[in-house]
Amino acid sequence: MVKQNHSGKPDSEHVETPAEISGSTEAELYDAPGIPSEAEDEDPSQRVDIETQEAPTARLPTEEEDLPALFTFDESPSPREADLAFRRVRRFHVSGPESDYGDTIGDDFLPALLHPFRDKNKIRTSYPLFLFPPGQVQDDRLTRPVNRYLMEVVESFAPQEEQARILKDNLKRIERFLRKALEGQPLPQDASYLMDWASNALIAELALSRTASEELERDMESLREAIPPGTTLLGFGEHATYNLLLHAARHWIPARRQSFFLEVRDLSRKLRDLLEVERQKSQQSRSAHALQHSMGAIAERFLDFDNLAGLIGEIQGTEPMPEKRYRRITETLAVLDAFLEQDEEPHIILVHAGQFPPDWVSGSFRCEVLKKNSPCLAAADIFRERASRMAEVFKAVRIARLEVAGEFEPGLHKPLFKHWTWQSFNRDELRLLAPVVAVEDPDSLVGQALVSLSKLIISGLPVHVLVRTVATGSPGIGSDQDPLTTFRFELGFLGISYREALVEQSSAARPNHLMESFKRGLDTTRTSMFVVASGLCRAGVVPRLGAWLHSGAALESRAHPFFRYDPRGGESWADRFDFSGNPQYQLDWPVYTMDYRAPDGSIETIKLSFTFADFCLLEPSLQDHFRHLTPGYDEDAVIPVHAWVKLPWAEALHKVPTVWAVDSKKQLHRLAISRALALACKDRLLYWRSLQELAGINNVYAKRAAERAREIARVEAQAELAEVRARYQEELDRIQREAASGAMERLAAALVGGDITTMGLPAATPPSGMDVGIQATETEPEAPAQSSTEAARASEAEEDLSFEDPYIDTPLCTSCNECVNINPAVFTYNANKQAVIADAAAGTFQDLVVAAEKCPGRCIHPGKPLNPDEPGLEALLERATPFN
């Protein structure tokens, strides 16, 4: 916001800080990091290493003065007192909330990761949403968040930084006004009216000078004019899911119907032309009366129609239309005309058991809302009735197409149209029917409605089922029962079990994901099932942090994961199952880092997983499952719940699982949880892992197959290595045999020749004065003595060939890539894809030793280190000894 000086002109030198502006400012309207806005592109820094499962560094937007301080106990009990107190905590963990062990927590505790968002009015969400009218959609986006869309519009007519400065600085105020105005509104509201109201409220609150007010009014007018007429604004409330469904239907259904309506009108005209041509062939069409009627009253002044009829005479040479065809075209035309005159088919039909108030749906949209005791059964009956009615229209359209093209063959086509039901409809015809949506209650679907749901899905009727669930509850468990005492009934997984139904699990807190789900559902020609998080607590209680953040936390905690099962995708699970939209989907739980203030005043960082137990801390009815840890508790006996669920049961029995929470005094506490809640976390984790495996993530079957493939490759490599060694040994034996044979031949030749010096042995000197009787042969001249330079060169050559240098028995290489992966600058492949040393100095002695240890052919010899100063040489030399 720009302050004004005394002259009434904007003071460009001073911009108010967030602390100077009351209400929601940039510093206060946080984008929850654990619940990122789906409109943003994925940040590469938020990706997770699948192998190491390391969490990204995502720091919470907490101001330093708002950092929670680690809670410390005032008293220091004796070891015995501490042990007795902690035993009470253990008893609570085993017995659960029904016991009176341990100190209960207050209702001001929040999961530590959600502490920065304690004030829900300061949280920037995806809502309010602009809902654009049909024909005014850009980039196929039917909705846009207010904060992003307003900024884009302002930037479009004021691209320069100083243009519309006051308006740009106060867009968050406008967003706050709009959000406040939409609270409690069940239906979308006119955007133009609300923008006018927000403009007036902004000007009144800022108390600007006249010049600045006029500038702001001009910019606000440009902003309002850029918003398409008919646009509405939707707040996040109890009926957000239904409003988004109707918005999707409003865009896609009428467009299809309009195209079909135009085709029917064109076919009707062409059938009339066929009948008119046939009428012209009749003798009556040439009577004086018919001629006078066709030419009009003006022609009576100039023509004698009786004489004209006589001149024309009778028809000759034209075959009349067969009577059966004439009657068929006439009947078809009557059906088409009736459809054109009485096209009052609703665009969507909602069947519910009491979820909607009577006047909930606006009359501007053709939506029919019906209250029935059994929505699934009623929806099926409604679809059959309307499909039967439209069957006559679709049959007439098909006959009209054939007649206009002159391709109708009674013997071929009449039997096809004799038994014409909805199963005979093609895809385009099925998509023209008004979508029928059965809005079911999750608790009912576990009872008698489950039979109705099953009958509906296995029938294949293209009827849609919408059910909103409470993430902390379990369908079929009453509000007076503890949902943690049973395994959770997963409606989405139930839908998948039917195999041939489209199943979408989503949340209105992610409008883009939900709108894509509705788009697929309204486009399918099979039964579809939408399982949507309500954003409410059990018994319809509005969450402390608001429904939007509550829905996002349900997604983060794996309480309500997103997925899509679409049988149209293909024949494999990989084609049918979509797991996108889940945060850090490779991990068991999303992991974030949080700063807190240690007792000594220093700022420390802790890495936290957001588990189902953290999410349950937001549920008032489940707070009895948490207890304070007692002073002097045994550090070795407590463990974070995300680690507890991975322990073998024998070990888990001796541990107390915990979570971190922050109270309203900004104190960071470690809380013990009941075993029932800990087991519920394990149940959530196992269900999450089931979904992961269906999506091909951390799939045990794939891991086992990969391990088998590696084992087969290892065995084959060993066999190949044994074969290479055998060939090498055979070649070595051959060379040795040939060398021995050559030596014997040279020995024999020397013995026969009589000159022992040719054998390389010292010649015996006979005693003086003794005649040996053998004629001495001429010997070779003595070799000249080496110079000192030549001797030095020979010495260097010997050093170059020293076995202290690293080398590879290349013929033994199995091309396993182990050494190349360690350091491709040291190791490389030759033309035969066998390893050689490219440059030993390009790496470390440790690279050579590790490569020798990993080499399956044991053909790498590290030699001696080239760098005598390399760290850890003593241990490395010891490891290298077996390979040299």
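**Pocket lining and helix pairs**

Reader: By class, what does the lining of the second largest pocket have?
Author: Heads-up: this is a predicted model, where local features need pLDDT of at least 70 and side-chain atom pairs 80 or more, while totals for chains, interfaces and linings use all residues. Residues are numbered from 1 along each chain as its sequence is written, and side-chain values use heavy atoms, without hydrogens or water. A pocket here is an open set of points on a 1 Å grid over the protein atoms alone, where a 1.4 Å probe fits, with protein on both sides within 12 Å along at least five of seven lines; lining residues have an atom within 4 Å of a point. By class (Asp, Glu, Lys and Arg charged; Ala, Val, Leu, Ile, Met, Phe, Trp, Tyr, Cys and Pro nonpolar; others polar), that lining splits into 13 nonpolar, 11 polar and six charged residues.

Reader: Which helix supplies the largest share of that lining?
Author: Helix 4 (171-182) and helix 18 (547-556) each put in at least two residues; helices are DSSP runs of H or I, at least four residues long, numbered from the N terminus. The largest share is five residues, and they come from helix 4.

Reader: Are helix 2 and helix 6 roughly parallel or roughly perpendicular?
Author: Take helix 2 (residues 146-157) and helix 6 (residues 210-226): their axes come within 10 Å and cross at roughly 110 degrees. Axes are lines fitted to C-alpha atoms over the stretch in contact, with angles from 0 to 180 degrees between N-to-C directions. Under 35 degrees is roughly parallel and 65 to 115 roughly perpendicular, so this pair is roughly perpendicular.

Reader: What classes do the residues of the contact of helix 2 with helix 6 divide into?
Author: Helix 2 brings Tyr-149, Leu-150, Val-153, Val-154 and Phe-157, and helix 6 brings Asp-219, Ser-222, Leu-223 and Ala-226, with contact meaning heavy atoms within 4.5 Å. Sorted by class, that's seven nonpolar, one polar and one charged.

Reader: And helix 27 with helix 28: roughly parallel or roughly perpendicular?
Author: The axes of helix 27 (residues 845-854) and helix 28 (residues 873-880) also get within 10 Å, crossing at roughly 30 degrees. That angle is why the two helices count as roughly parallel.

Reader: By class, which residues does the contact of helix 27 with helix 28 have?
Author: On the helix 27 side you'll find Phe-845, Gln-846, Val-849, Val-850 and Glu-853, facing Leu-873, Leu-876, Leu-877, Arg-879 and Ala-880 of helix 28. The tally by class is seven nonpolar, one polar and two charged residues.

Key:
Parallel < 35°, antiparallel > 145°, perpendicular 65-115°, else oblique.
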